[in-house]
Amino acid sequence: MHQRAPLWRAIAAFAVLAASLAFAYFKPANLGLDLEGGTQIVLETQDTDRVKADAESTSRALEVIRGRVDALGVAEPTLAQSGDRRIIVELPGVTDPREAAEVIGQTAQLSFHEVLRPAQEGQEPEDGQVVANDEQGQPLLLGPTLVDGEGVSDAEAATPQQGVGQWVVNVNFAGEGRTGWRDLVAAACANTEGGNRVAILLDEDIISSPAVQPDLCRSGGGNSTSITGNFTQTQADDLAVLIKGGALPVPVEVIEQRTVGATLGDAAIDASIEAGIIGIILTGLFIVLVYRVVGLMATFALATYAAISYGLLVWLGATLTLPGLAGFVLAIGLAIDANVLVFERAREEYEKNGNLHTSLTTGFNKAWSAILDSNVTTVLAAALLFFLASGPVKGFGVTLTIGTIASMFSALVVARVLTEFAVKRSFLKKRPGLTGVASTGPVRKWLTERGPNLMRRSGLWIGLTLVVAGVSVSGILLRGLNLGVEFTGGRILEFSTAQAVDVQEVREAVSDAGFPRAVVQESSGDGQNENVSVRLDDITNDEAVEVEEAVESVAGQATKERDELIGPSLGKELRDKALIAFAIAIAAQMAYLAWRFRWTYAVSAQLSMASVVLTVVGIFAWWGKPIDGVFLAAVLSIIGLAVNDTIVVFDRIREHTGENRGRRLRDVVNEAILQTIPRTVNTGLGAMFILAALAFLGGDSLTDFAIALLLGLSIGILSTIFTASALAVKLEERWPHDPDKKPKVVDKYAQIDDGRNTDGAVV
């Protein structure tokens, strides 16, 4: 069975790759609106005096909104309920959200009333009565609702008398609506004090208050009527859509709205693909340079990663977003990490036995536990993004999870098949130096023979970490955090202009338009156009148009590339969720590491990781860079990457501790650090090529993401070598653990030492 393992691995690799290519070819990916272009609106249902906003009422509201969206004629819209009170509406191709938001979000509480009489100034209506102004502004006292939107079966805009005259809305009644309409007509015909009028209200505003015609009184009302109100064709069409769609059971509020231009989405896809290709090429060249033939085989396996991860994405029906593209690119670094771990292990084994195939096999087997632990911690962070993040960032959590699974398969199965096949060739057996396994390199040799004793100054490294943390905290306190609209609420608009513009002139134009508190900044363009971003408080869609007109007054012509609106309540919720996500990530990873290692190692890893995150946040605070949803994705990625490096070192410490029980802990830890430095540096450099390509080519929205990860990766390498290991040494020396020692047994009546020590624990 053991001899057949390579064959089964080869079959599995071929089958997965073939299935992935088939899915990629025959099934298109679901693109998020930030890539496809369009508008996403998140609605939250609100309680009323009569109805509570819960899962049932929200579900009924969703069906009403679905009818309205269908009437808008949007191609392939997506509507989904999120939780008990939220509805997500995605409208591909809609880049002007005004009409959609107005029609979708209106409560459309349609009601028909008898006009009792003109209302006196300050008159308080009795129970069931309503006071409202008619079309001329005259206050009217209205009777209780006799017909509501539930009694309407159909509505359509039309012009009376064969197209001559004002537009009207013809309404047909059904069920209880027919009885209510007849009762209303009868009451109005008998009430001369009210002018024989009926009033039609939409959201408590009178849209029409016609007098009932004598013919209608004689007929008893019938089953239909026409709403008049000097409507234009557009107004009549919109009103018909609202009435035909029916009344929402509960009011809704727009708490989030995102609009992305299609050109920006296309540019993001092109930039991310370009960054991914260049990053893979640079990383491949680096891996081949360091690990030669096995590095070349790993690069081929790395190329299959893209096909496998994309195939998984379309098979699961997941939506690919802009941060999701970054998640795929980032997962390439995880695949590199696994291969570097294996090859460094194989090099160590070759020094012992001199056999290429045996060394490589042992390298895969011994690296498995560190690879598993590091990937589990990454998936934990990705899962938190999926459950706690919002908007496109949620897609990052999905694709990072998919990418992590695909990277493990490509590194541990595909790469193993290719590398084991290569080292069995007689050409390489005669020339082992070409494989990349037979030579350890001058750096590893120097580290092994004359490497420094880093743990001799463990207290110094902890002290330096505290100093860096103090500088970071100072930046946060003195400069403050530039929180994005995701966390504060508000609206950000980004425009591309065909010509260079003076930001100060745009700022003055926007201020003169009535928005003196707007923050106007330059943002990177695509090389041909200049981009300007305007950040404001929570403004309406009509006010957003006024801002666009102000920008155009300076730039001549401006194209809206991005429009994000986050309600204040949602901003606070997302801010709280970000803190919760960070806390849960620390707790979950600490529990896992405590289970896999020991609590002292878990605490050391988490304190080290927290110092890395704090440093990155502090740097962003000093620079004044935005802390937004994409930055949250970067931070949770840093949590995974920083812990990955630490796990590799701790895994080696655990192995050496078991083999060298009699040696000093500091010597064992120092040896483990020196042995894993080549892996740590090579993995870091490989991932940095990917992130550097993303920083330079990924576009404005991914540049800060890549910068944050580059900082986190660089600082994380130093923190793993110095901070995490130093903390582990200090904690282990303070609370030592020896599995060979047994606890002392104390007699109930006499304390008799039986020769066993209580310092240890039974394992």
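Helix α22 gives the most to the lining of the largest cavity, with 5 residues. The model is a predicted one, in which local features need pLDDT of at least 70, side-chain atom pairs count only at pLDDT 80 or more, and totals for chains, interfaces and linings use all residues. Residues are numbered from 1 along each chain as its sequence is written, and side-chain values use heavy atoms, with hydrogens and water left out.

Rolling a probe the size of a water molecule over the atoms shows where empty space is left. A cavity is a set of points, on a 1 Å grid over the protein atoms alone, where a 1.4 Å probe fits but cannot get out; lining residues have an atom within 4 Å of a point. Grid points are joined across faces, edges and corners, and a volume is the space filled by probe spheres set on the points. The count comes to 5 cavities of 30 Å³ or more. The largest cavity has a volume of about 80 Å³.

Three helices each supply at least two residues of the lining of this largest cavity: α10 (322–353), α21 (629–659) and α22 (665–697). Helices (H or I, at least four residues) and strands (E, at least two) are DSSP runs, numbered from the N terminus. The lining consists of G333, L334, D337, L641, N644, D645, R679, T680, T683, G684, A687 and L713. By class, 4 of these residues are nonpolar, 5 polar and 3 charged. Here Ala, Val, Leu, Ile, Met, Phe, Trp, Tyr, Cys and Pro count as nonpolar, Asp, Glu, Lys and Arg as charged, and the others, Gly among them, as polar.

Helix packing was examined next. Two packed helices are described by the angle between their axes and the distance between the axes. Axes are lines fitted to C-alpha atoms, for helices over the stretch in contact, and angles run from 0 to 180 degrees between N-to-C directions. Helix α17 (residues 503–512) packs against helix α18 (residues 541–555) at about 140°, with the axes 8 Å apart. That makes α17 oblique to α18. The axes of α19 (residues 568–596) and α20 (residues 599–623) come within 8 Å and cross at roughly 150°. Helices α19 and α20 are therefore roughly antiparallel to each other. Angles under 35 degrees count as roughly parallel, over 145 as roughly antiparallel, 65 to 115 as roughly perpendicular and the rest as oblique. The crossing of α17 and α18 is right-handed. The crossing of α19 and α20 is right-handed. A crossing is left-handed if the near helix is turned anticlockwise from the far one by less than a right angle, and right-handed if clockwise.

Backbone angles were also considered. Most residues other than glycine have a negative phi. In N196, phi is positive, near 50°. N196 lies in the loop between α6 (176–190) and β11 (198–202). Its relative accessible area is 23%, so N196 is partly exposed. Buried means under 20% relative accessible area, exposed over 50%, and partly exposed in between (1.4 Å probe, protein chains only). R292, not a glycine, has a positive phi of about 55°. R292 is placed in helix α9 (residues 262–316) and is partly exposed at 36%.

The loop between α6 and β11 holds G194. G194 is buried, with a relative accessible area of 6%. The C-alpha atoms of G194 and L141 are separated by 8.7 Å, although the residues are 53 apart along the chain. A415, in helix α12 (residues 392–423), is buried at 0%. A415 and T304 are 111 residues apart in sequence and 9.5 Å apart in space, C-alpha to C-alpha.

Conventions:
1 Å grid on protein atoms, 1.4 Å probe; cavity = no way out; pocket = protein on both sides within 12 Å on 5 of 7 lines; lining within 4 Å.
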